[in-house]
Amino acid sequence: MGLAEFDFSGVNGLVLVAPSYEHSYSVIKRNPSLYHVAYFEKNSRITAFCVYDAENGNVVELGYYNIFDLEEVLKYVVCNYEAVIAKNIDTSYCSVMEMLSSIGFEQIASQFEMVKELPVYAIIE
């Protein structure tokens, strides 16, 4: 379904994989026609979902209660596109990383973010 039609109130209580800024909801909702949502539902409850780029299938946002349901959602997306990219997924989501690997995703790059704190000097007038 399209992003605009998806009811995000149904994902309360799911593990939401933190997206990068470029994939945050506040950014993607500006152009909802560019994105689709695939989801898995059991007993009228959403147990996994994936927001993906409608043009190329690239994964934008993920959420799940059950990792196996998320796997089914991602298999659906992968089966409908020639190649799918999932980027900027924090490695602290171990079960997500393992599941992605199990369905054929390969890690092609690692990104490290670094911070340097600068001392704040008092301005003397």
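The entries below cover the strand, its partners and then the helix.

Entry 1. I kept in mind that this is a predicted model.

Entry 2. I started with burial in strand β4, residues 59–64. Six of the six residues are buried, so I take β4 as largely enclosed by the rest of the structure.

Entry 3. Which strands pair with β4? I found β1 (residues 15–17), antiparallel to β4 and joined to it by three bridges. On that side, I noted L16 standing opposite G63 of β4. I also found β3 (residues 45–53), again running antiparallel to β4, with five bridges. There I looked up C50, and its bridge partner in β4 is L62.

Entry 4. I checked the hairpin of β3 and β4 next. Five residues lie between the strands, and G57 has a positive phi near 80 degrees.

Entry 5. On to helix α2, residues 67–79. At its start, I saw a side-chain oxygen of N66 come to within 2.7 Å of the backbone nitrogen of F68.

Entry 6. How far apart are the end C-alpha atoms of α2? I got 18 Å, which agrees with the 18 Å that 13 residues should span at 1.5 Å a residue.

Entry 7. I listed the buried residues of α2: I67, D69, L70, E71, V73, L74 and V77. The spacing made me recall that an α-helix has 3.6 residues a turn, so residues three or four places apart point the same way.

Entry 8. What covers those buried residues of α2? I found β2 (35–42), β3, β4 and α3 (94–102) among the elements that do.

Definitions and conventions. Residues numbered from 1 in each chain as written. Predicted model: local features only at pLDDT ≥ 70, side-chain atom pairs only at ≥ 80, totals over all residues. Heavy atoms only, no water. Buried < 20%, exposed > 50% of the residue type's maximum accessible area, 1.4 Å probe, protein only. Helix = DSSP H or I, 4+ residues; strand = E, 2+ residues; numbered from the N terminus. Pairing = 2+ DSSP bridges. Expected span 1.5 Å × (residues − 1). Contact = heavy atoms within 4.5 Å. Polar contact = N/O pair within 3.5 Å; in protein donor to acceptor, adjacent residues only side chain to side chain.
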